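The following report describes a protein model for a reader who works with computed structures. It begins with the pocket and then moves to the helices, the charged pairs and the backbone.

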Amino acid sequence: MELPRPEWTPLPARAKAMFLFDNVLLYGGIAVAVAMATGIPLVMAADWNWYAPIAVGIALAGIGFGMIRGLKSHRNFRWRLDDEGLGVRSGHLWEREVRMPIQRVQHLSLMRGPWQRARQLANLTVYTAGTSHSSVKLRNMDSETAEAIRAYLSARIDWVDE
């Protein structure tokens, strides 16, 4: 793997399932909670023939929103690495770009959950000494790429310190 990579690079296609799962779980869970909360008064009033279609509609809307949000999150997440540092870009309506100079990097963390290991993915977290926005997390990256970035930044941190 050659580093640095100065162009904006997308995440691998196999990471899409992780983004879908995270967002469907979050927004589907919220929708089910809302459906249950709206159903309690209907059930207590013994007018629960309305409850089933409303609950199913709310739950399906939450799951559908989670799927759309997961696909857009995956499609709009980009990273790049050059001689000055690491950049991360995400978001659709409100695009967010974070730039972390190599001189500010203090330590690096690599984490792989069980589903990430099955898909050869990893989360790379790059920490700085600051208090606000003191870390950048690259979620669901290719495992080999994450390890290469960690090795590259670790070598550069040692070189900058000397």
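## Largest pocket

The largest pocket has a volume of about 600 Å³. Of the 22 residues that line it, Arg69, Ser73, Phe77, Ser90 and Gly91 are the closest to its centre. A pocket is defined on a 1 Å grid over the protein atoms alone as an open set of points where a 1.4 Å probe fits, with protein on both sides within 12 Å along at least five of seven lines, and a lining residue has an atom within 4 Å of a point. Grid points are joined across faces, edges and corners, and the volume is the space filled by probe spheres set on the points.

At least two lining residues each come from helix H1 (16-44), H2, strand S3 (85-90), strand S4 (96-101) and strand S7 (135-142). H2 gives the most to this lining, with six residues.

## Basis of the values and overall architecture

The structure is a predicted model, in which local features need pLDDT of at least 70 and side-chain atom pairs count only at pLDDT 80 or more, whereas totals for chains, interfaces and linings use all residues. Residues are numbered from 1 along each chain as its sequence is written, and side-chain values use heavy atoms, with hydrogens and water left out.

The protein has four helices and seven strands, and along the sequence these follow the pattern β-α-α-β-β-β-β-α-β-β-α. Helices (H or I, at least four residues) and strands (E, at least two) are DSSP runs, numbered from the N terminus. Of the 162 residues, 35% count as buried, where buried means under 20% relative accessible area, exposed over 50%, and partly exposed in between (1.4 Å probe, protein chains only).

Within H2, the buried residues are Ala55, Ala59, Gly62, Gly66, Gly70, Ser73, His74 and Asn76. As background, an α-helix has 3.6 residues a turn, so residues three or four places apart point the same way.

Val56, Leu60, Ile63 and Met67 make a nonpolar surface patch of about 350 Å². Patches are made of residues with over 30% relative accessible area and no salt bridge, with like charges joined within 9 Å and nonpolar side chains (Val, Leu, Ile, Met, Phe, Trp, Tyr) within 5 Å; the areas come from the Shrake-Rupley method with a 1.4 Å probe, and for residues only the protein chains shown count as cover. Met67 belongs to helix H2 and is partly exposed, with a relative accessible area of 41%.

Met67 and Gly28, 39 residues apart along the chain, have C-alpha atoms separated by 9.3 Å. For Tyr27 and Ala59, which are 32 residues apart along the chain, the separation is 8.8 Å; Tyr27 lies in helix H1 and is partly exposed at 22%.

## Salt bridges

A search of the whole structure finds seven salt bridges, each being a side-chain nitrogen of Lys or Arg within 4 Å of a carboxyl oxygen of Asp or Glu. Three of them are tabulated below.

| Pair | N to O distance |
|---|---|
| Asp22 and Arg139 | 3.4 Å |
| Arg89 and Glu95 | 3.7 Å |
| Arg89 and Glu97 | 3.0 Å |

Salt bridges that share partners join Arg89, Glu95 and Glu97 into one network.

Asp22 is partly exposed at 33% relative accessibility, and Arg139 is partly exposed at 30%.

## Positive phi angles

Which residue in strand S7 lies next in this account? Asn140 lies in that strand and has a positive phi of about 55° although it is not a glycine; Asn140 is buried, with a relative accessible area of 2%. Gln120 also has a positive phi of about 55° without being a glycine, but its place is the loop between helix H3 (114-118) and strand S6 (121-128), and at 47% relative accessibility Gln120 counts as partly exposed.
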